[in-house]
Amino acid sequence: MRIRSALAVAATAGTFAVLAAGPAQATEYSSALKIKGVQFDAPGRDSNSCSTGNTKSEYLTIKNYSGTATVNLRGYVVKDAAGNRFTFPANHYLQPGDYVKLRGGHGTDSDANNVAYRQNCNFIWNNDKDTIYLYKPSGAHADTHAYTASRDDRDGNGYITYHG
């Protein structure tokens, strides 16, 4: 009896030790859509003026990594760590392997040019660090990435690539 208990405790402790010793990994969500990359720091001096600012130069690239399924972005939500959010309000279809750049500022969405606009001239991503969340219309996670400029932007251009 005592041996079985000791073995059970040792086996349980060993399991926890193995789990605790593993490297920290990003959670992988079951979604065809993933965040391909983010231009979190728009080139030039930040200005969120709708007429002369550079918020259009800040963008998030979302890609359909499915080999067969076309995905409609309508209802998908992009959010940052502070709770700023954008919901795709209209149909925007991504064929397998296709992508869209979600840009700040005002503009006309275009499937042909792979662009959608947030219709908001405020920057959404912090230049030093932030977390990007992508949610399905159902509210389920599609993808999440955290970045720190000093750690993740090795070439200093304000762009980070995820999911190649």
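Okay, let's start with a bond: Cys50 and Cys121 are joined by a disulfide, with 2.1 Å from S to S. A disulfide here is a pair of cysteine sulfur atoms within 2.5 Å, and by that rule the count comes to one. The two cysteines sit in distant parts of the chain, 71 residues apart. Cys50 is in the loop between β1 (33-39) and β2 (59-64), and Cys121 is in the loop between β8 (115-117) and β9 (129-135). The link is right-handed, with 120° about the S-S bond.

Before I go on, a word on where this comes from. This is a predicted model, so local features need pLDDT of at least 70 and side-chain atom pairs count only at pLDDT 80 or more, while totals for chains, interfaces and linings use all residues. Residues are numbered from 1 along each chain as its sequence is written, and side-chain values use heavy atoms, with hydrogens and water left out.

Back to the cysteines. Which of the two is buried, and which is exposed? Cys121 is buried, with a relative accessible area of 6%, whereas Cys50 is exposed at 57%. The cut-offs are these: buried means under 20% relative accessible area, exposed means over 50%, and partly exposed is in between, using a 1.4 Å probe and protein chains only. Over the whole chain of 164 residues, 36% count as buried.

Now the overall layout. The chain has two helices and 11 strands. Starting at the N terminus, the order reads α-β-β-β-β-β-β-β-β-β-β-α-β. Helices (H or I, at least four residues) and strands (E, at least two) are DSSP runs, numbered from the N terminus.

Let's build a sheet. Four strands make an open one, in the order β5-β4-β9-β10, with antiparallel pairing. From one strand to the next, the twist averages 10°. That angle is taken between axes, which are lines fitted to C-alpha atoms (for helices over the stretch in contact), and angles run from 0 to 180 degrees between N-to-C directions.

Walk across the sheet with me. Two strands pair if DSSP finds at least two bridges between them. β4 (residues 77-80) and β5 (residues 85-87) have three bridges, antiparallel, and Lys79 has Arg85 as its bridge partner in β5. The hairpin of these two strands has four residues between them, and Gly83 there takes a positive phi near 95°.

On to the inside. A nonpolar core is a set of buried Ala, Val, Leu, Ile, Met, Phe, Trp, Tyr and Cys residues joined through side-chain atoms within 4.5 Å. The largest one has 25 residues, and Leu60, Phe88 and Trp125 touch the most other members.

Take a look at Trp125 on your screen. Leaving out residues up to four places away in sequence, its contacts include Val38, Leu60, Val78, Ile132 and Tyr147. Contact means heavy atoms within 4.5 Å. Across the chain, among contacts with a separation of 6 or more, 56% are between residues 24 or more positions apart.

Last topic: salt bridges. A salt bridge is a side-chain nitrogen of Lys or Arg within 4 Å of a carboxyl oxygen of Asp or Glu, and the whole structure has two. In one, Arg118 meets Glu58, with the closest N and O atoms 3.8 Å apart. Arg118 is in the loop between β8 and β9 and Glu58 is in the loop between β1 and β2, so the pair ties together parts 60 residues apart in sequence. Arg118 is buried at 12%, and Glu58 is buried at 1%.

The other joins Arg151 and Asp152, at 2.8 Å from N to O. Here Arg151 is partly exposed at 47%, and Asp152 is partly exposed at 25%.

That's my tour, thanks!
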